[in-house]
Amino acid sequence: MIRVEGLTKRFGGIPAVDGVDLEIGQGEIFCLLGPSGCGKTTLLRCIGGFEAPDAGRVLLDGHDVTGHAPWLRPVNTVFQSYALFPHLSVAANVAFGLETLAMSKAERAARVAEMISLVRLEGLAARRPSQLSGGQRQRVAIARALARHPKVLLLDEPLSALDAKLREETRLELVDLQARLGISFVFVTHDQDEAMAISDRIGVMQGGRIVQVGAPAEIYDRPATRFVAEFVGRINLFARDGGWIAVRPERIGLGAGPHAGTVRECAFLGERRLVFIDSALGRVVASVAGSDIVPENGAAVGFGWPADAERRLPA
Amino acid sequence: MSEAPWHSRARRIFVVPAFAWLAATVALPLALVAAISLGEATQGAPPFDWSFTFSNYAIVLGDALYVEAFAASVRIAGTSTAICLLIGYPMALAIARARPERRLWLLFLVVLPCWTSFLIRVYAWMGILRPTGYINSALQALGLVEEPLGLIANAFAVHLGIVYAYLPFMVLPLYATIERIDAALVEAAHDLGAPPARAFWRVTFPLSLPGAVAGSLLVFIPASGEFVIPDLLGGPDTQMIGRILWLEFFQNRDWPVACAIATALAALLAGPILLFDRYRARGT
């Protein structure tokens, strides 16, 4: 559906996106994940047509759209701050993208009504964006972007402006919406939980490059680099043979084990409990079930992990 | 009073002197002018007696000279405002879209003429436009015209002077409004299929209207009462009300009629201000 080939975008000589190759399939939720400044938003903007790449190509459905202006691309964007038109009603915002399409007035009105009910905003069509809550504004932004029936929906940190509770609900709604529409969603986020929860595949970015692409479980269980291991979830890293051994906290078992240490601190997170242990290997974190009984702070504890929990990473 | 929360007391500290200042320098003189407009002219000093008569208004409204002058003022100020808008809008748009480090310089250039006295700048236009001025001397020296062109003492010169003098007051509020429009809104319009011209007319332009209205008022209101420009650059066909007011006051020494003209002018200009207020109240 989307092919990105050797894409490079520099700002003032410094590459923000540095030779990215990427293929995103039809009907896929693909997430670009990385810390701020990693180039994920710039890459998304190159796909949307808001930045002209210095090198490389963007193909949509097999067509090279690299030189096409945003208004000529069959993609639409949900902007980070939603960018709703403040002087237009909800219905007029949703209808905006239909004005340049060849449609009868009745068709247009029907499409607007369809989109508004798709995001469950019936009854709010006449409101201005300033009269809506944050969650409602986000729905308008989605309805507006979907109204043109894009082949791909681009979403730039669409959940970052929502509070934590609403964010979790909205994640599920987005997944549900994508499943019903069957189009590709390309999502930009710095929140690894969000990326894990909704993506079919994740592309982890660092310094303008994609360092690993894979399904969430693959990224989590088999990180390709130390950066990925540390960015996606918690990880214990132990130096060995000039490289690193990575072990996820939930694979560390407490009690009898080949290693010994002292419990430094326990953090109770509800369903899980994190146990921080000082040992000869350095600071180790173990994640145990919240209901497990754990040693007190300062107590000596043994720990270990099964061989298949180890992941070797290059230095 | 002592139980009022600190912020309400603090607000009083700042607001009370400001209102006292406005009352002393605006409301009081205006009330005085309105009171004198109801008086009767005499030969004394001051040249009027307190009274309560509307005869001065009858004189002003009954005399074609005054009514004509009011109409000419509104017409000239209106046309000049429209020209300022047509010139100022593209300027403000270009400045708002210039690179940030350049914007400050461009704004500086807009404001730069104001560093010289208004009066001197209008005199400078006399030097440029008069029959023996720079333009006519140059045209005659080049042999392009035989007789000097009539560039001064007419409506053209008055419009030129007003547009020249008041253009910054149009550009600045327009710039401030356009610059505040979120660039993401224009990108969203592009994303939704609108090419640049369409995005401008559907998004940027409607969102810049408050700036256009504010700029138009800042030009129209002082231009309607303008005295210096029609006096120095105008002619018999540009009798603006500000000039008539000056003549009544200083040449005819008819203070009550002059005050009636001033009060009528203030009432006339209050209209657009109230309209703007309602427009703003509706917008937010």
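Predicted model: local features only at pLDDT ≥ 70, side-chain atom pairs only at ≥ 80, totals over all residues.
**Entry 1: ring pairs**

I started with the rings and got 22 aromatic pairs over all chains. I picked one to look at: Tyr89(B) with Phe205(B), which is tilted, at 5.9 Å centre to centre and 50° between the planes. Tyr89(B) sits in helix 3 and Phe205(B) in helix 9 of chain B, so this pair ties together parts that are 116 residues apart in sequence.

Next I asked myself: is Tyr89(B) buried or exposed? Tyr89(B) comes out at 9% relative accessibility, so I put it down as buried. Phe205(B) has 27%, so I noted it as partly exposed.

I also found an aromatic cluster in chain B, with Trp50(B), Phe227(B) and Trp255(B) among its members.

**Entry 2: charges over rings**

Arg248(A) does the like with Tyr220(A), at 3.9 Å from the ring centre.

**Entry 3: where the chains meet**

I then turned to the contact, which takes 18 residues from chain B and 22 residues from chain A. The two chains bury about 1800 Å² between them, and 64% of that is on carbon and sulfur atoms. On the chain B side, Asp191(B), Leu192(B) and Arg202(B) lose the most area, together 39% of what that side buries.

How many salt bridges are there between chain B and chain A? I got three. One of them joins Arg202(B) to Glu99(A), with the closest N and O atoms 2.4 Å apart. Helix 8 of chain B gives the largest share of its side, seven residues.

Notes: Residues numbered from 1 in each chain as written. Chains lettered and ligands numbered in written order. Heavy atoms only, no water. Phe/Tyr/Trp six-rings, centres within 6.5 Å; stacked < 30°, edge-to-face > 60°. Helix = DSSP H or I, 4+ residues; strand = E, 2+ residues; numbered from the N terminus. Buried < 20%, exposed > 50% of the residue type's maximum accessible area, 1.4 Å probe, protein only. Lys NZ or Arg CZ within 6 Å of the ring centre and 35° of its normal. Contact = heavy atoms within 4.5 Å. Buried area = accessible area lost by both parts, 1.4 Å probe. Salt bridge = Lys/Arg side-chain N within 4 Å of Asp/Glu carboxyl O.
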